[in-house]
Amino acid sequence: MRVGIVGTGAAGLCAIKHAIVSFGCDVIAFEQSDNIGGTWVYTEKTGKDKYGNDIHSSMYKGLHTNLPKELMSFPDFPFPTQEKSFVAASDVNQYLNHYADSFNLRQFIKFETHVVRVRPLLDDTWEVMVKDVKDGRLQNYIFDAVFVCNGHFSTPYLPRFHSQKTFKGGQMHSHDYRKPQIFNDKSVLVIGGGPSGVDISQEISGCAKKVFWSNHINPP
């Protein structure tokens with residue numbers, strides 16, 4: 001069976017490994033960036049990368065996991081032994097790289113390759129159109145099955161609000177947040193009570209003048 005895999009974060013790497021080892025498939029994985037790890041890859045850059053594609057990762061420098069590493073590891077590949085259970089994002093990224101290298105997964109990955117389109121064909125196969133991000137060259141592949149493992153944390157949503165155009169302060173989605181120092185001596189409103197909203201509110205409180213946290217759900 002010919003299998004195509006979109007993305008090489010945790011899910012993509014696991015799909016590559018099991019498609020090959022457990023089922024003996026012919027696998028090609030496509031990764032838009034030049035590295036594995038998906039959302040766990042930290043980069044100072046925001047917005048667009050050097051080829052004009054959206055930066056995929058929402059990772060900020062001070063992030064630690066909100067799940068213990070013992071629950072995040074693959075069943076057949078535990079995290080390296082260490083005292084802490086809630087580890088830094090860099091530890092997770094290192095773990096994923098170690099996983100890929102232990103099972104020789106990089107040879108099945110086409111890096112800097114953007115998936116343009118995936119569509120079903122009449123013979124129950126799938127056509128995957130990809131673009132080389134360096135030269136723009138398009139190429140089509142045919143697969144019997146496709147795993148879409150590109151995650152769901154890469155596209156920020158910025159709501160509209162009254163007087164948004166006349167507001168003179170800065171506006172940022174957590175997707176583009178990297179370090180707390182950019183809020184030195186500023187008054188900041190953080191909207192949202194999810195993990196990133198809670199985490200960023202606490203992180204920037206050490207350098208901002210004031211932090212206001214808005215959450216539509218009442219705390220217990």
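Ground rules. The model is predicted: local features need pLDDT of at least 70, side-chain atom pairs count only at pLDDT 80 or more, and totals for chains, interfaces and linings use all residues. Residues are numbered from 1 along each chain as its sequence is written, and side-chain values use heavy atoms, with hydrogens and water left out.

Start with strand S8, residues 187-191. Strands here are DSSP E runs of at least two residues, helices are H or I runs of at least four, and both are numbered from the N terminus. Which side chains of S8 are buried? Val188 and Val190, and they point to one face. Buried means under 20% relative accessible area, exposed means over 50%, and partly exposed lies in between (1.4 Å probe, protein chains only). In a regular strand the side chains alternate between the two faces of the sheet.

S8 pairs with strand S9, residues 210-214, in the parallel sense over five bridges. Pairing takes at least two DSSP bridges between the strands. Ser187 has Lys210 as its bridge partner in S9. Between the two strands, the chain runs through helix H4, residues 195-204, and this β-α-β crossover is right-handed. That is, with the strands pointing away from the viewer, the path from the first strand over the helix to the second runs clockwise.

Now back to Leu189 and Ile191. Together with Phe212 they make a nonpolar surface patch of about 350 Å². Patch residues have over 30% relative accessible area and no salt bridge; nonpolar side chains (Val, Leu, Ile, Met, Phe, Trp, Tyr) are joined within 5 Å, like charges within 9 Å. Areas come from the Shrake-Rupley method with a 1.4 Å probe; for residues, only the protein chains shown count as cover. Phe212 sits in S9. Its relative accessible area is 47%, so Phe212 is partly exposed.

On to charges. How many salt bridges does the structure hold? Nine. The criterion is a Lys or Arg side-chain nitrogen within 4 Å of an Asp or Glu carboxyl oxygen.

Asp54 meets Lys48 at 2.6 Å, N to O. Glu70 pairs with Lys69 at 2.9 Å. Lys69 is buried, at 4% relative accessibility, while Glu70 is partly exposed at 47%.

Glu112 bridges to Lys134, with the closest N and O atoms 3.6 Å apart. This pair links distant parts of the chain, 22 residues apart. Glu112 is buried at 12%; Lys134 is exposed at 52%. Finally, shared partners join Arg117, Arg119 and Glu127 into one salt-bridge network.
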